[in-house]
Amino acid sequence: MYEQISHAILNDTLRQLSTSKQDKQWQFFYTRLGANFYAIYSLFHHLYGHRPDFKPQLAHLVAVLAERYGQRSAALKAQDLAREQDHAWFMHQKWVGMALYCEGFAGTLSHMQTKLAYLQELGINMVHIMPICDCPETNNDGGYAVRDYKKIDPRYGTEQDLDQLIHLMQQREMLLALDVVVNHTSDEHAWAIKAKQGNATYQDYYYMFDDRTLPDIYESTMPEVFPEQAPGSFTFNAETQKWVMTVFNHYQWDLNYSNPAVLIEILDVILFWANKGVDILRLDAVAFLWKKMGSSCQNEREAHLILQLLKDCCQVVAPSVLFIAEAIVSPTEIIKYFGEDAVNAKECEIAYNATLMALLWDAVATKQTQLLYKGIEGLPEKLDRATWLNYVRCHDDIGLGFSDESIIAAGFDPVSHRRFLVDYYTGHYEDSNAKGFAFGVNKKTGDARISGALASLAGLETALAKQDVSAIDDAIATISLLHNFMMAFGGMPLLYYGDAVGTLNDDAYLIDSSKMNDNRWVHRPTLDWAKMDKRQQKGTVEQRIFSAIKQLIAVRKEISAFADLNNRALIALDNPHVIAFSREVATGMHARVLVIANFDVQAHCIPTQAFQQKGWLKQTMVTDLCSGQSIPLTAAGIVIPKLTAYWLSI
């Protein structure tokens, strides 16, 4: 869009750039900058137009864009052009991801190179490596307390190791996702150190106060993130005699985005990693980016404007790079991180579907699907050029964030139902084999979240300890069912490392003083590759789980209906244990697929009338695409075995 004021400022700014930036290779930079500049200017003006340094800060922002574009390799610029031509490339059903800790998965980035064959064997072609930036030895929150945004932590290797890994992944057509921790830094970051030394410029990079007056006002409306181990949202810093905002932990200082210098610094970090060849950047804790007194300091409108600004700027320099919004909030809030009042995503192209994850664990515990159905029904429709990351487990806890309205609609009381789920997964419910832990217990409200490895929560750890063959079978079936549903749902599936072989809880963290008070480390294991190798031994638990998930991934990639095109339709059934939905596209192999899932430990016969009314299941025999089995249809209906989901080509 052309607008005179913003483009007059742009022209003045461009005149200050080096004349060497006038040759043909810059044509795409100027085209994209011109196309995006009105939005960049408008957002920057909305956030910072009241400041006397508005124009020089805006000029600095453009200079950073030009500098980073000049450093971008010819190969990455060619990739930008190719992905601009196929703008929905990441919504294809062929992409299947895995999130992992470098140290726990392979030890180092160098050793990661040797594990690419395993990932490819499973069918993984997108890898999210959890934070690898330099951080303190202790007080690092698993890498999310960053000391240097542009340096690899020596524990994981060198910059050259990462370059080689990226090169090898590109050869295998695998995508790499890395974190940028946008909300806070370690208190050992160079900015924080300068702030401690009394440098006013860097003190303004954070929220720092001389007394408790303003912190008390903030805290009166701010919920606690970690009420057990990190109560409150401010920490007194003895060196400056000031109070610092520390929403997550006392050693993580929240960045002050009301200062444009902070936004430009983080933009530069984003473009630094984009130029390294990272395909996807996971922006951590985006819901917390803007702090406003009298609010929860989460999901503020300005946080969305910041993300829009970062996206517009990234599109100028590196349009092939995607953003993941790490915002574990309610469905009505998470959908906003794609962008409001838009058709295509204008903030982040990808967001975590935390609600689906929690709903799946509810269905496993209750053996019923009413809440799963109601929760999915309540998910807002995403934008066209945006997709969900669907996952069963991740490095974090399981929050029971589905709405009270959905719980009530499913026939449960919200308070008692959430209490039941915590009891079920922490072994305090008589009929449960789950072995998990309560995390983030709020003694004021009684709320809690759940930690634990997928296999342990699914009952495998208890079943193995008892050598209960039937319970082992049920646990393996549950693990397969969860992955089956997640892969069919619509979005990019994201597995968690170790889950494909049934890795159990790992209590090694209890001997590490820096981790022992955070039971989320129980599901952040160091993989035993001797155990991983058992995936090749027929009949082992590892082989049974691995082969089932590998088969699901392989089949999924062949089903055109599983591309994420807002093409899912729920089907109402009378049976409380079974849920069904369809996926349809216009063309391709298996363009119409019916998914039917039974979360009960008993088989159920489902009448076909509800399906036949929509023109489906009128044959006498259908094929389950997952297994290749022929499934008979009788006058009574279709039988769905216990803990099973069918993908039926229709």
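## Close-up views of a predicted model

**Figure 1. Strands β18 and β19 form a hairpin, with six residues between them.** Welcome to this structure, which is a predicted model. Strand β18 covers residues 568-571 and strand β19 covers residues 578-584. The two strands run antiparallel and are joined by four bridges. To find one of the paired positions, look for isoleucine 571, whose bridge partner in β19 is alanine 580.

**Figure 2. Strand β17 is largely enclosed by the rest of the structure.** How many of the five residues of strand β17 are buried? Five of the five are, so this strand, residues 492-496, is largely enclosed. In a regular strand, side chains alternate between the two faces of the sheet. In β17, Met492, Leu494 and Tyr496 point one way, while Pro493 and Leu495 point the other way. The residues on both sides are buried.

**Figure 3. Strand β17 pairs in the parallel sense with β1 and runs parallel to β14.** Strand β1, residues 97-100, pairs with β17 over three bridges. Here methionine 98 has leucine 495 as its bridge partner in β17. Strand β14, residues 387-391, is also joined to β17 by three bridges. On this side, look for leucine 389, whose bridge partner in β17 is methionine 492.

**Figure 4. Serine 451 sits buried in strand β16.** This strand covers residues 449-451. Is serine 451 buried or exposed? Serine 451 counts as buried because its relative accessible area is 0%. Its side chain makes a polar contact of 2.7 Å with the side chain of asparagine 519. Leaving aside neighbours within four places in sequence, serine 451 is in contact with several residues, including Asp397, Phe437, Leu457, Arg520 and His523.

**Figure 5. Arginine 520 and aspartate 141 meet in a salt bridge.** Side chains of opposite charge can pair when their charged atoms come close. In this view, the N to O distance between the two side chains is 3.7 Å. Arginine 520 is buried, with a relative accessible area of 4%. Aspartate 141 is buried too, at 15%.

**Figure 6. Aspartate 396 forms a salt bridge with arginine 524.** The closest N and O atoms of this pair are 4.0 Å apart. The pair links distant parts of the chain, 128 residues apart. Aspartate 396 is in the loop between β14 and α17, whereas arginine 524 is in the loop between β17 and α22. Both aspartate 396 and arginine 524 are buried. Which residues are linked in a network of salt bridges? They are Asp141, Asp396, Asp518, Arg520 and Arg524.

**Figure 7. Arginine 147 forms a salt bridge with glutamate 188.** The closest N and O atoms lie 3.1 Å apart. This pair also links distant parts of the chain, 41 residues apart. Arginine 147 is in the loop between β3 and β4, and glutamate 188 is in the loop between β6 and α9. Arginine 147 is partly exposed, with a relative accessible area of 28%. Glutamate 188 is partly exposed as well, at 34%. Altogether, the structure holds 40 salt bridges.

**Figure 8. Asparagine 140 lies in the loop between β3 and β4.** Why does asparagine 140 count as buried? Its relative accessibility is 14%, so asparagine 140 falls under the 20% cut-off. A polar atom of the asparagine 140 side chain lies 3.0 Å from the backbone oxygen of proline 136. Not counting residues up to four places away in sequence, asparagine 140 touches Cys135, Ala145, Arg155 and Tyr251. For a sense of distance, asparagine 140 and lysine 115 are 25 residues apart in sequence and 26 Å apart in space, C-alpha to C-alpha.

**Figure 9. Leu214, Ile217 and Met293 form a nonpolar patch on the surface.** Together these residues have about 240 Å² of accessible area. Methionine 293 is in the loop between β11 and α13. With a relative accessible area of 41%, methionine 293 is partly exposed.

Technical notes
Residues are numbered from 1 along each chain as its sequence is written. This is a predicted model: local features need pLDDT of at least 70, side-chain atom pairs count only at pLDDT 80 or more; totals for chains, interfaces and linings use all residues. Side-chain values use heavy atoms; hydrogens and water are left out. Buried means under 20% relative accessible area, exposed over 50%, partly exposed in between (1.4 Å probe, protein chains only). A polar contact is a pair of N or O atoms within 3.5 Å; within protein, one must be able to donate a hydrogen and the other to accept it, and residues adjacent in sequence count only if both atoms are side-chain atoms. Contact means heavy atoms within 4.5 Å. Two strands pair if DSSP finds at least two bridges between them. Patches are made of residues with over 30% relative accessible area and no salt bridge: like charges are joined within 9 Å, nonpolar side chains (Val, Leu, Ile, Met, Phe, Trp, Tyr) within 5 Å. Accessible areas come from the Shrake-Rupley method with a 1.4 Å probe; for residues, only the protein chains shown count as cover.
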